[in-house]
Amino acid sequence: MAVAWSEKASSMEALSLSLSPPMSPPVILTQDELKKIAAYKAVEFVESGMVLGLGTGSTAKHAVDRIGELLCQGKLNNIIGIPTSKKTQEQAISLGIPLSDLDSHPTIDLAIDGADEVDPHLNLVKGRGGSLLREKMVEGACKKFVCIVDESKLVKYLGGSGLALPIEVVPFCWNFTANKLQNLFRDSGCVAKLRNDCKGEPFLTDNGNYIVDLYLKEDIGDLQVASDSILRIAGVVEHGMFLDMATTVIVAGELGITIKNKQ
Ligand SMILES: O=C[C@H](O)[C@H](O)[C@H](O)COP(=O)(O)O
């Protein structure tokens with residue numbers, strides 16, 4: 001379902017963005033504004049009393065801010081948030097969103113989170129912010145997972161953006177694991193690189209693990225086969241492909257919002 005900006009006043013009003021009158025030049029929105037529009041639209045799915053998976057990243061941050069705002073205004077009540085990272089946990093606490101975890105709430109009504117890539121079948125790449133493991137645990141426990149992206153995240157196939165497919169690995173002999181991963185996809189011209197932080201040290205996930213980023217030159221074919229092969233390598237904790245998990249993807253682009261639902 002595609003909705004043009006001019007017809008989509010409610011999301012835009014929520015953002016207090018001024019729309020051009022009909023026939024005037026199109027409004028040029030920044031990437032962050034598009035992320036915010038997708039996030040606000042997703043929060044329209046939130047109802048009082050829900051247990052919510054709270055995503056991580058620059059897009060999900062807008063959704064968490066909006067949930068906090070609606071709680072503060074009394075327009076939402078009795079929300080319980082399950083954060084997907086320490087950063088989101090801190091943000092939610094600062095906004096006064098009550099929090100819990102999967103141990104206490106093993107079933108989540110709705111999760112809202114961003115993605116790094118979305119393919120035409122609504123498969124995702126996630127984890128370029130390093131939060132893929134907790135995201136996969138939380139979003140795997142959801143009745144509904146609404147993914148929110150700006151249109152730059154749409155790809156023909158996973159890996160198609162030329163950016164990384166992140167794999168969380170244990171630090172022990174990470175180079176051994178990285179070589180195994182690179183060999184697995186050598187026919188796709190794969191290069192595996194350990195992710196470093198801004199100080200040049202190995203990037204540490206919230207779980208104390210490392211991230212090996214896989215750069216793929218070609219489509220890796222059957223994603224379920226690829227997923228199973230990655231997870232069979234000892235040393236791999238989880239990968240950033242989220243296959244068949246998103247129930248809805250909200251895409252914000254220059255021409256409007258597109259809502260894609262899982263078939
Ligand atoms: O680890 C990070 C998460 O998977 C993010 O949801 C993903 O990287 C998208 O982040 P952003 O909304 O900042 O592009």
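Leaving aside neighbours within four places in sequence, M241 is in contact with N123, V125, L158, L165, L223 and S227, where contact means that the C-beta atoms of two residues, placed from the backbone, lie within 7 Å. The model is predicted, so local features need pLDDT of at least 70 and side-chain atom pairs count only at pLDDT 80 or more, while totals for chains, interfaces and linings use all residues. Residues are numbered from 1 along each chain as its sequence is written.

- M241 lies in strand 12 (residues 241–242); helices (H or I, at least four residues) and strands (E, at least two) are DSSP runs, numbered from the N terminus.
- M241 is buried because 26 other C-beta atoms lie within 10 Å; a residue is buried if 20 or more other C-beta atoms, placed from the backbone, lie within 10 Å of its own, exposed if 12 or fewer, and partly exposed in between.
- M241 and G74 are 167 residues apart along the chain, and their C-alpha atoms are separated by 37 Å.

**H105**
- H105 is found in the loop between helix 4 (86–95) and strand 4 (108–113).
- With 18 other C-beta atoms within 10 Å, H105 is partly exposed.
- Not counting residues up to four places away in sequence, H105 touches V51, I80, I82 and S100.
- From C-alpha to C-alpha, H105 and V51 are 7.8 Å apart in space, and they are 54 residues apart in sequence.

**Helix 2 against helix 3**
- Helix 2 (residues 31–43) and helix 3 pack at an angle of about 45°, with their axes 8 Å apart; axes are lines fitted to C-alpha atoms, for helices over the stretch in contact, and angles run from 0 to 180 degrees between N-to-C directions.
- That angle makes helix 2 oblique to helix 3, since angles under 35 degrees count as roughly parallel, over 145 as roughly antiparallel, 65 to 115 as roughly perpendicular and the rest as oblique.
- In helix 2, K35, K36, A38, A39, Y40, A42 and V43 meet S58, T59, H62, A63, R66 and I67 of helix 3.

**The ligand shell and helix 5**
- Among the 18 residues around the ligand, G57, T59, G114, K126 and G129 come nearest; a residue is near a molecule if its C-beta atom, placed from the backbone, lies within 6 Å of it.
- Helix 3 (58–72) and helix 5 (132–139) each supply at least two residues of this shell, and helix 3 gives the most, with three residues.
- Helix 5 is mostly covered, as seven of its eight residues are buried: L132, L133, R134, E135, K136, V138 and E139.
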